[in-house]
Amino acid sequence: MISIGVQTKNVVYDSDPAAGFEMLKNAGFSCADFSLNSYLTNLSLYRLERNDFFDRSDSELEQYFSPHKKGAEAAGITVNQMHMPYPVYVPNGGTDLNDYLWNIVARKSMNICAFFRCPYIVVHGFKLARNLGSEEMEWAQTEKFLDSLAPLARELHIMICVENLYNSIGGHIVEGPCCNAGKMAERIDRFNARHHGELLGFLL
């Protein structure tokens with residue numbers, strides 16, 4: 001049977017997550033992409049602002065999300081994938097912000113994903129082609145980030161999924177990171193061979 005899912009953002013609220021998951025079930029959905037990106041938004045990050053949500057310890061985050069996990073289970077909704085906050089690298093964000101995204105937000109997102117027993121976490125590639133001069137150099141930076149998460153992905157039995165993205169230049173929507181299917185298939189195969197496991201996948 002094909003599962004039909006949708007993101008939880010603007011449907012499942014912290015005040016009563018069970019009601020949101022029940023709404024998804026009644027609307028005909030059977031699974032959901034849990035939107036961790038609603039806890040640290042791209043709009044804030046591009047303004048170089050961050051909150052303290054991910055400053056919580058892993059145990060505090062598990063306690064925070066326990067009602068969400070129970071609400072999903074009660075409604076019969078499977079959290080089959082999770083969206084890590086994005087961007088995970090802000091081109092003009094400076095060392096402090098980007099180290100925080102890389103070393104704190106990303107890793108705690110992985111642990112939250114495991115807490116939900118969710119098998120996939122979606123990661124947005126770095127938008128750096130214009131800054132660095134080429135798409136290949138952009139991917140090299142994304143790959144460093146993914147390499148750093150590979151051991152944790154193996155430990156937690158999670159597949160990291162990169163997503164094909166758009167970019168915006170001069171008011172026009174253009175191709176963004178991870179949009180070349182041939183390149184991505186080769187890169188995913190090389191990554192998984194290097195790390196000896198199916199740790200990297202793709203979200204279309």
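Is His 196 buried or exposed? At 68% relative accessibility, His 196 is exposed (over 50%; buried is under 20% and partly exposed lies in between, with a 1.4 Å probe and protein chains only). The model is predicted, so local features need pLDDT of at least 70 and side-chain atom pairs count only at pLDDT 80 or more, while totals for chains, interfaces and linings use all residues. Residues are numbered from 1 along each chain as its sequence is written, and side-chain values use heavy atoms, with hydrogens and water left out.

**Backbone geometry**
- Most residues other than glycine have a negative phi, and most peptide bonds are trans.
- His 196 has a positive phi near 55° and lies in the loop between H7 and strand S8 (200–203); helices (H or I, at least four residues) and strands (E, at least two) are DSSP runs numbered from the N terminus.
- Leu 48, with a positive phi near 65°, lies in the loop between H2 and helix H3 (58–75) and is partly exposed at 43% relative accessible area.
- A cis peptide bond, with omega about 0°, joins Tyr 86 and Pro 87; Pro 87 lies in the loop between strand S3 (78–83) and helix H4 (94–115).

**Asn 192**
- Asn 192 is found in helix H7 (residues 181–195) and is buried, with a relative accessible area of 6%.
- Leaving aside neighbours within four places in sequence, Asn 192 is in contact with Gly 197, Glu 198, Leu 199 and Leu 200 (contact means heavy atoms within 4.5 Å).
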